2 protein chains.
Amino acid sequence: MDNTSLPTQPYKGARDFYPEDMRIRNYIFLKWKEVCKRFGYEEYDGPFIEPFEIYAAKSGEELVNEQIYSFIDRGDRKVAIRPEMTPTIARMVSQRYSELNYPIRWFSIPNLWRYEKPQKGRLREHFQLNVDIFGIDGVEADIEIIQIIVNLLKEFGADKNMFEIRMGNRILLEDVLKDANIPSSKFKDIMKAIDKLKKISVDDFKYILKEKADLKPKEIDSILSFLQSSNEYILKMKEKSPGAEEILKTMKLLRLSGIESYVKYDPSVVRGLDYYTGNVFELFDLSPNNSRAMAGGGRYNNLVEGFIGKRISGVGFGMGDVTFRNFLENWHLLPQIPQTTEFLITVWPKEDGTKSDKYFNASLETADILRKKGRNVILWLDANTKIEKQLKFADKKNIPYAVIIGDDEINNKKITLKDMKEMKQKNLSISEFINII
Amino acid sequence: MDNTSLPTQPYKGARDFYPEDMRIRNYIFLKWKEVCKRFGYEEYDGPFIEPFEIYAAKSGEELVNEQIYSFIDRGDRKVAIRPEMTPTIARMVSQRYSELNYPIRWFSIPNLWRYEKPQKGRLREHFQLNVDIFGIDGVEADIEIIQIIVNLLKEFGADKNMFEIRMGNRILLEDVLKDANIPSSKFKDIMKAIDKLKKISVDDFKYILKEKADLKPKEIDSILSFLQSSNEYILKMKEKSPGAEEILKTMKLLRLSGIESYVKYDPSVVRGLDYYTGNVFELFDLSPNNSRAMAGGGRYNNLVEGFIGKRISGVGFGMGDVTFRNFLENWHLLPQIPQTTEFLITVWPKEDGTKSDKYFNASLETADILRKKGRNVILWLDANTKIEKQLKFADKKNIPYAVIIGDDEINNKKITLKDMKEMKQKNLSISEFINII
């Protein structure tokens, strides 16, 4: 192999996190975790590789056939790199079904992979905050999940002009389809088409329903008129569909919780995954720069059933870090996040090239003292660098203070503390130094 | 597919982190990060999937041929799930070679995968703290890296009876082999055999050297006598080998840094990876229960060269979370880490089955107030659960306080605060409540 033939770029659609990006990632994740804990959610994680079957069952055709990273391992097992987290949490809940205390409130921030054409807001990998509650049948759980989304955004300083949650209901949609005498075998294809509606024209949408789902013009019209229906229509459907009743109850509880202004009923929200069974919702950035859904979720009552034959109702959502960071940047909600090193301890260069270690020792000792006090310190490691060059390094790295220890300082048992921003310096004894920091 | 056929266990050799394990993982990672920052290291991360080639060049045969998880993606690229982090950091440094400020101090805690037989202390996946410094040629960098390892262990309360760092040197070993007239084409196989010596008998070791490396008995004897040599031998080799000189200089600086008692010269430490070029070291648990190396690292001066043809010297180490947790548990250094929810806000059950929401509202309001103060709160979501059952949940989850709001409390604008450990309760106004928490 040629000596210099190795690729320096990351794999297509994946990100390198250099320290300045890592700080932003950590800033976002820390706030996400704080909000989840505030609602009593506990962090969990599962493996990056999962048995392929757990997706094949319920995640939906597009994801499983076109997007999943799967391969056969050296032991001849078909495995997948996790494309979403919900099957993992369903597996884990199933595994400890009878030991766990219900309701279960869990969150995680897994790194997920899907094979797709990288584009703005969508890469092949992303981190996704997943928040789920298991064991509550009532819409109170849906409300709590929506409340968490609202609080997550407010935590970063977002207000109601910036985002909106749009909510639909799978039961209502199915009842409308049944009402139009559309056979249930066509529901999956119809939902898939509706989920794509944001990205395609109405004509393309009609074409798909006609060609893929083999629907008659009248059936297509009834779907279109439902998708354009307003809140009044839900009231009309109240007696006919438990889905309508569910939405009305959800709306009422949203008002009680004081978050109704963040949520809007939208019959076209259905979600792309197969396993949802009730309310479904998506979070949108209200800026035209960012039209993609930032988060999505809903109720899924039958996911654990596939593992152990028992029914536990779940509600949850996922929110990706790529669109979320776009959102924060777009609305100028991302602060400068400084690096954390506070001191550069310089090492006085040996002018005569002798083997004396006294300068290095004095600096090493000072670094040790500071570190024992829990302070973040870089010790200059090369014994023959000019002080100016060392200070330039501190300046470039935005390290606020430099410490200089030359002959004068060693003889007087002092240090010189240099404020890199103010460009002022003070001569201090070690104990004075420790007292002021 | 059968309804209940899905596997509930994680993929072989991989772990599910239920909340109690996740808390331990977070506890360990947080301390790791604090120590790294104390030495001025900045966190970074790279993608979970990397181009296969970056391992093929330098990671060593066993890893690449037998252990790596690799596959062809849908775009016909050969990719690998990262089995180690050093090639990623070398790739990232190469990518921004001319923009970065040297020396570079970076750390990361990637999840890494190797296909192997799962056993104690070794799984197919683990998290590994990686700490690396680039751009310092002198052993001062080696010392800083060793100092970080020592501080990492001390941070958890470990002392010098519990662990030991053993250090060898690749240059010295190669010079010894050259001195015995062994051709350099055999060095790789010899190093591989030496790296295995901990796990095999001396007879097996001799057999491997004879059969695999085709060595004569005299050559084998000279290797064995080197492996049994003590510190005096290094002094003898001082003039002959720059490796011996490097070790002596390292030993001297270890003394200056006050950490010499944690480090021992051990000629049998060579490390399994191909890319090391100087000092190499391994961290051992001194308990007989845990004989595996807990961390390993060394100097690698040519890794960036394969990407961009430039030489930047690096020193670093990796420390896995599986053996590290074993170490902490073995020496009883792992504290109880409580869950973080502080309050369960109960909801008074509706005795008459009416639609009144007053109890739920009152509890929801209280939960909101606490959360706005940054406190971690679970609100009971089911409106018809007996208070006893709700309290039992708080008890099982180790939530320290429960709040009860029934008719009396609502009428008097008060709440009842129940200390779940002391089993005492107090009647408080909301403002009194906020003042005492």
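Trainee: How many bridges join E16(A) to E17(A)?

Mentor: The model is a predicted one. In it, E16(A) and E17(A) run antiparallel. One pair across them is A:Leu417, which stands opposite A:Lys426 in E17(A). The number of bridges that join E16(A) to E17(A) is six.

Trainee: Which residue takes a positive phi in the hairpin of E16(A) and E17(A)?

Mentor: This hairpin has four residues between the strands. The phi in question is near 55°. The residue that takes it is A:Met423.

Trainee: In what order do the five strands of the open sheet of chain A stand?

Mentor: The pairing in this sheet is mixed. E13(A) and E14(A) run parallel, whereas E15(A) and E16(A) run antiparallel. Strand E14 (377-379) and strand E17 (424-429) of chain A each have a single partner strand, so they stand at the edges. The order is therefore E14-E13-E15-E16-E17.

Trainee: What does the twist average from one strand to the next in that sheet of chain A?

Mentor: The sheet concerned is the open one of five strands in chain A. From one strand to the next, its twist averages 25°.

Trainee: Which residue of E16(A) is the bridge partner of A:Ile404?

Mentor: Strands E15(A) and E16(A) are joined by four bridges and run antiparallel. In E16(A), the partner of A:Ile404 is A:Thr416.

Trainee: Which helix of chain A lies across E13, E14, E15 and E16?

Mentor: The helix covers residues 358-372 of chain A. Relative to E14(A), it runs at about 165°. It is helix H14.

Trainee: In chain B, which residue of E15(B) is the bridge partner of B:Ile345?

Mentor: Chain B also has an open sheet of five strands, with mixed pairing and the order E14-E13-E15-E16-E17. Within it, strand E13 (residues 343-345) and strand E15 (residues 401-404) of chain B pair in the parallel sense over three bridges. The partner of B:Ile345 in E15(B) is B:Val403.

Trainee: Which residue of E16(B) does B:Ile404 stand opposite?

Mentor: E15(B) and strand E16 (residues 414-419) of chain B pair in the antiparallel sense over four bridges. In E16(B), B:Ile404 stands opposite B:Thr416.

Trainee: Is A:Thr250 buried or exposed?

Mentor: A:Thr250 lies in helix H11 (residues 242-256) of chain A. A residue is buried if 20 or more other C-beta atoms lie within 10 Å of its own. A:Thr250 has 24 C-beta neighbours inside 10 Å, so it counts as buried.

Trainee: How far apart in space are A:Thr250 and A:Gly138?

Mentor: In sequence, A:Thr250 and A:Gly138 are 112 residues apart. Not counting residues up to four places away in sequence, A:Thr250 touches A:Val139, A:Asp142, A:Ile143 and A:Asn279. From C-alpha to C-alpha, the distance between A:Thr250 and A:Gly138 is 9.4 Å.

Trainee: What distance separates the centres of domain 1 and domain 2 of chain A?

Mentor: Chain A is divided into domain 1 (19-330) and domain 2 (343-436). Taken over C-alpha atoms, the centres of these domains are separated by 54 Å.

Trainee: What relation holds between chain B and chain A?

Mentor: A rotation of 180° superposes chain B on chain A, with 0.0 Å of shift along its axis and an RMSD of 0.0 Å. Therefore the relation is that of a two-fold axis.

Trainee: Which residue of chain B comes closest to the rotation axis?

Mentor: The distance is taken at the C-alpha and amounts to 3.3 Å. The residue is B:Phe71.

Trainee: Which helix gives the largest share of the side of chain B that touches chain A?

Mentor: In this interface, 75 residues of chain B are in contact with 75 residues of chain A. The largest share on the side of chain B is five residues, from a helix covering residues 19-38. That helix is H1 of chain B.

Trainee: Why do the copies meet through the same surface?

Mentor: By class, the side of chain B that touches chain A has 33 nonpolar, 20 polar and 22 charged residues. The copies meet through the same surface because the share of interface residues of chain B that are also interface residues in chain A is 100%.

Terms used. Residues are numbered from 1 along each chain as its sequence is written. Chains are lettered from A and ligands numbered from 1 in the order in which they are written. This is a predicted model: local features need pLDDT of at least 70, side-chain atom pairs count only at pLDDT 80 or more; totals for chains, interfaces and linings use all residues. Two residues are in contact if their C-beta atoms, placed from the backbone, lie within 7 Å. Helices (H or I, at least four residues) and strands (E, at least two) are DSSP runs, numbered from the N terminus. Ala, Val, Leu, Ile, Met, Phe, Trp, Tyr, Cys and Pro count as nonpolar, Asp, Glu, Lys and Arg as charged, and the others, Gly among them, as polar. Domain bounds come from an automatic or database domain assignment. Copies are superposed by least squares on the C-alpha atoms of residues with pLDDT of at least 70 in both. Two strands pair if DSSP finds at least two bridges between them. Axes are lines fitted to C-alpha atoms, for helices over the stretch in contact, and angles run from 0 to 180 degrees between N-to-C directions. A residue is buried if 20 or more other C-beta atoms lie within 10 Å of its own, exposed if 12 or fewer, and partly exposed in between; C-beta atoms are placed from the backbone.
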